[in-house]
Amino acid sequence: MEYFALYDTVRTYCETNNIKFLAGDAFYINAEASNFDYEDDQLVLTMDVAAKPTFSIGNKISDVTYTGLVMLGRKFETLDNTTASLDEKFMQKYDNRLKDLAQLLIVHITTIACANELEIGALDMRYALNKFDTNIDFIAGTISLIQ
């Protein structure tokens with residue numbers, strides 16, 4: 001992967017794996033999320049990261065550290081015909097999608113990292129419920145990736 005091409009890499013990964021990719025800050029993500037028709041079991045991956053290059057002798061880039069927010073969510077489930085909404089209780093959300101999404105976020109991040117020689121410096125995960133105008137439930141992670 002070229003330096004500063006993380007968004008390209010993640011976008012390509014998502015397209016290949018039928019995951020809706022939304023990038024940028026909450027304003028841009030919300031606008032795009034609201035204009036998309038979600039399929040049952042459709043995963044949504046969002047990313048808003050900054051890049052910090054480290055320079056070595058001769059002002060050459062020795063590595064780049066990407067830090068920011070990554071989220072993996074889902075609006076609908078086929079198996080039990082549920083929809084992320086304000087009406088669900090927390091444990092319903094947990095049983096219907098959050099438990100599964102936590103595992104899937106790890107799988108997708110480690111797959112992207114391994115395929116692109118990225119080191120995962122940190123991934124602090126939390127629940128991010130009813131996000132954006134679409135009320136999608138996400139597992140959010142503050143992430144650090146080193147290239």
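In this predicted model, V10 is in contact with F21, L45, M47 and I112, leaving aside its neighbours within four places in sequence. V10 is also one of the residues that touch the most other members of the largest nonpolar core, a set of 25 residues; the others are L6, L45, M47, V70 and L105. At least two residues of this core come from each of helix 1 (6–16), strand 1 (19–23), strand 2 (43–55), strand 3 (61–74), helix 3 (90–115) and strand 7 (136–146). Helix 3 gives the largest share, seven residues. Another core, of 11 residues, lies apart from this one, and its members include I29, V44, F132 and I136. As a general rule, nonpolar side chains tend to be buried together in soluble globular proteins.

How many strands form the open sheet, and in what order? Five strands form it, in the order 1-2-3-7-6, and their pairing is mixed. Strand 1 and strand 6 (119–131) are the edge strands, each pairing on one side only. On average, neighbouring strands of the sheet are turned by 25° against each other, with direction ignored. In general, strands of a sheet pair through backbone hydrogen bonds, either parallel or antiparallel. Strand 2 and strand 3 run antiparallel and are joined by 13 bridges. Opposite M47 stands V70 in strand 3; M47 and V70 were both named above among the residues of the largest nonpolar core that touch the most other members.

Two helices can now be placed against the sheet. Helix 2 (residues 26–34) packs on the sheet and touches strand 1 and strand 2. The direction of helix 2 makes about 145° with that of strand 1. Helix 3 also packs on the sheet, where it touches strand 1, strand 2, strand 3, strand 6 and strand 7. Between the direction of helix 3 and that of strand 6 the angle is about 155°.

In general, two packed helices are described by the angle between their axes and the distance between the axes. The axes of helix 1 and helix 3 come within 11 Å and cross at roughly 120°. Because of that angle, helix 1 is oblique to helix 3. Their crossing is right-handed. On the side of helix 1 the contact is made by T9, V10 and Y13, and on the side of helix 3 by H108, T111 and I112.

Technical notes. Residues are numbered from 1 along each chain as its sequence is written. This is a predicted model: local features need pLDDT of at least 70, side-chain atom pairs count only at pLDDT 80 or more; totals for chains, interfaces and linings use all residues. Side-chain values use heavy atoms; hydrogens and water are left out. A nonpolar core is a set of buried Ala, Val, Leu, Ile, Met, Phe, Trp, Tyr and Cys residues joined through side-chain atoms within 4.5 Å. Buried means under 20% relative accessible area, exposed over 50%, partly exposed in between (1.4 Å probe, protein chains only). Helices (H or I, at least four residues) and strands (E, at least two) are DSSP runs, numbered from the N terminus. Contact means heavy atoms within 4.5 Å. Two strands pair if DSSP finds at least two bridges between them. Axes are lines fitted to C-alpha atoms, for helices over the stretch in contact, and angles run from 0 to 180 degrees between N-to-C directions. Angles under 35 degrees count as roughly parallel, over 145 as roughly antiparallel, 65 to 115 as roughly perpendicular and the rest as oblique. A crossing is left-handed if the near helix is turned anticlockwise from the far one by less than a right angle, and right-handed if clockwise.
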